[in-house]
Amino acid sequence: MKKAFARKYLGIPYAIFLILFVIAPLLVLIYYAFTNSTGQFTVKNLVGFFTDPNTIGTLLYSLGLALAVTIVCLIIAYPIAYSLAMSNFNSKAIIVMLFVMPMWINFTLRLTALKEILTAIEGNLAFHPFINSVIGMTYDFLPFMILPLYNTISKLDLSLMEAASDLGADSKQVFLKITLPLSMPGIVSGIAMVFLPAMTNYVVLDMLYNSTYIMGSLIGSYFSAYDWHSGSMIALVLLLIIVAFTLLTGGTEEEDKNRGALL
Amino acid sequence: MSEEYIIELKSITKTYDDNGFTAVEDFNLQVKRGEFVTFLGPSGCGKTTTLRMIAGFELPTSGQILLDGKDIAQFPPNKRPINTVFQRYALFPHMNIYENIAFGLKLKKMSPEVIKKKVSHVLEMVDLEGFEKRKVSTLSGGQQQRIAIARALVNEPKILLLDEPLGALDLKMRKEMQLELKNMHAKLGITFIYVTHDQEEALTMSDKIVVMNNGRTQQIGTPEDIYNEPSNAFVADFIGQSNIFKGIMTGHLKARFAGGEFECMDDVHEGTLVDVVVRPEDVIITGPENGTISGKVTSVIFKGIHYEITVESGKYEMVIQSTKSAKVGDEIGMKLDPDGIHIMIAEDHTTRFEAEIGDDLNLVYSDHSIRCDLTKLFAGSRIVDGQLLDQSGEKIDTSDIKVMVSIEPGDIKMSDDVDAGLTSGNIINLIYKGDHYSYVVRTIHGHDLIVDDEYLWNMDDMVGLILPEEKMTFAVRK
């Protein structure tokens, strides 16, 4: 009895945290999204979102950019994660750390360096805004793709692959029929860690002197123009997209224990 | 000649590149078509490595694996007509039962109708009809095991490999599956190669058992051979329960061990040092006077169908299985029929005894001092002012440390002077061995020591036993 009480009290700080920093802001967000500047209920912001060609254009551009970044990250990260997880190196952990280490160096510093390199190559950054964004974001988000993939693949039961080859599968078939499907949880986690930030992280674009707009820049511009209502609506729509995405991928995954996690 | 054998392993050796460890050394085996062969041994004996080399998961460092006369040693697993049942089943978690079983057939590009027929047939065989749509995670361990077997069998392999397939099941389930596997083997006529560390399982199921230890084959034979005629002390000890004694042949079909002289059936040359195996169920309990040897009962355990009785006879201990009970403390006699004694030529006849560490940092055994450099026994230790210090300079407490002393029989000398050596005893047996005599000396401590000497002594002589310190080897016993 006493023990149960003690446990309940332990939860109180977290409950307060959740109320103050998750639920309350969410309610405020919803409030602003569905009111106008005089505080009256309105769906104008919602309608505005889907009718403003500027917003829709930015949404599509953001989706395209995020998709490109995610695919590039996945293509780079999977072979790295796979070969590291499957290798017999004693220093595996150190090599993984090397790939993750950029995360520990200041973000603005890294992007400034990248900007200088890209400028040296391209001359003027304004000529290739999309490619520059992809490069910048890939550089920034790659560790978030490698880690969940590495975690998932390194936990795969090697006897499953042996069983497949025992049953007649060659190495390509083993990969396509066993390794790849079983590393899906890591792929999904990696996508979630990369795709969503790629839609909104406009700081990368700003730092690369990029004039293109993504969803994050749009929200930022609305808020700096004191239109909290339209800004909130965009944030809310993005939130719903995220929820839908999570439900579609991770939510249907039965065996949650196989989900890759950060470190 | 090779027609008869489906698979032959010829001097297979596996050494790992990274650490130089040799897991399997010079392994030779011939398996007949349709045989049930079991690799038996303790963990780390190389049995699983050998199986994995047959499957193709590991490639032998040297040697040949002939399947129907063709060397497949360097083939990948998917190019071998051999299927494996894995220790932890290795069912694909992202596929249902049907997809799991059909996996190999689909790769062979069979038509869906044929696959369907084969899958339902094999499911019927393992008693899991209608399980096609089930998910792997909804099955119990025993059911998963059956699916794993079905998935391998559906491919109609020439050889089915089973790597401790019943290890994860509970006892009752394991017994059931043993029988089922045996029946399946009889019905299908496929060659089974089975790996287990469970000697009972091996004895129950196999046509042929390969006993392995430290990467080497110890004995290959039928379960009866292995049990009744173990080829060395390891096999005897590993298979079933046994009493193992060091002994010597004292005459034609006569052996001395465990403090008595027994008639036996193994014709081993007189004077040969032997290991003797006596199965607990072969010991006959008699009255104290009627036995070849006698002793005091030290423990009696009821085991259901028999009692397990431990008897202390002098320095020796005998475990007996008997349907008759005895009381702890009883004095009983023990007798052995000649066919209950199994004689093996000994590999090692070193005499070992325990000594204590005395105050002067030498060893003490029955009031005699043995000189021994203790600093060699404790790494990094040194002796300062008559005290033994370890690496960090702390004093080592030697009062409860025992040292095991070993000496070869040929290095022991006999003397007229009873007090000349470490111990003394009566000569109870002597055998002329051409250029020297082998004596059995019963020490005052009750040990029968074998001593080789070129001079003739008489029976019943009381002699001093000199154990030269320079011939001794020492080891710390915790």
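Buried means under 20% relative accessible area, exposed means over 50%, and partly exposed lies in between (1.4 Å probe, protein chains only). Helices (H or I, at least four residues) and strands (E, at least two) are DSSP runs, numbered from the N terminus.

## Basis of the model

This is a predicted model: local features need pLDDT of at least 70, side-chain atom pairs count only at pLDDT 80 or more, and totals for chains, interfaces and linings use all residues. Residues are numbered from 1 along each chain as its sequence is written, chains are lettered from A and ligands numbered from 1 in the order in which they are written, and side-chain values use heavy atoms, with hydrogens and water left out.

## Chain B overall

Chain B has eight helices and 32 strands. Its C-alpha trace spans about 90 × 60 × 45 Å along the principal axes. Of its 478 residues, 50% count as buried.

Contact means heavy atoms within 4.5 Å. Take the contacts in chain B between residues at least 6 apart in sequence: 63% of them join residues at least 24 apart.

## Strand β1 of chain B

Strand β1 of chain B covers residues 5-15, and eight of its 11 residues are buried. Two strands pair if DSSP finds at least two bridges between them. β1(B) pairs with strand β2 (residues 22-32) of chain B in the antiparallel sense, over seven bridges. Here B:Lys14 stands opposite B:Val24. The hairpin of β1(B) and β2(B) has six residues between the strands, and B:Gly20 takes a positive phi near 70°.

β1(B) also pairs with strand β4 (residues 62-67) of chain B. That pairing is antiparallel, with five bridges. B:Thr13 faces B:Ser62 in β4(B).

## Strand β11 of chain B

Strand β11 (residues 243-251) of chain B is mostly covered, with seven of its nine residues buried. Six bridges join β11(B) to strand β14 (residues 273-278) of chain B, antiparallel. Four bridges join β11(B) to strand β12 (residues 254-257) of chain B, also antiparallel.

B:Gly247 has a partner in each of these strands. In β14(B) it is B:Val274; in β12(B), B:Gly247 stands opposite B:Phe257. β11(B) and β12(B) form a hairpin with two residues between them, and B:Leu253 in the turn has a positive phi of about 55°.

## Where chains A and B meet

The contact takes 19 residues from chain A and 23 residues from chain B. Buried area is the accessible area (1.4 Å probe) that two parts lose on being put together, summed over both. Between chain A and chain B it is about 1,800 Å², and carbon and sulfur atoms give 60% of that. In chain A, A:Glu162, A:Asp166 and A:Leu167 lose the most area to chain B, together 38% of what that side buries.

There is one salt bridge between the chains, a term for a side-chain nitrogen of Lys or Arg within 4 Å of a carboxyl oxygen of Asp or Glu. The side chains of A:Glu162 and B:Arg52 meet in a salt bridge at 2.6 Å, N to O. On the side of chain A that touches chain B, α7 (158-166) and α8 (171-182) of chain A each supply at least two residues. The largest share, seven residues, comes from α7(A).

## A residue in helix α8 of chain A

A:Thr179 lies in helix α8 of chain A. A:Thr179 is buried, with a relative accessible area of 1%. Not counting residues up to four places away in sequence, A:Thr179 touches A:Tyr78, A:Tyr82, A:Leu156, A:Met161 and A:Val174.
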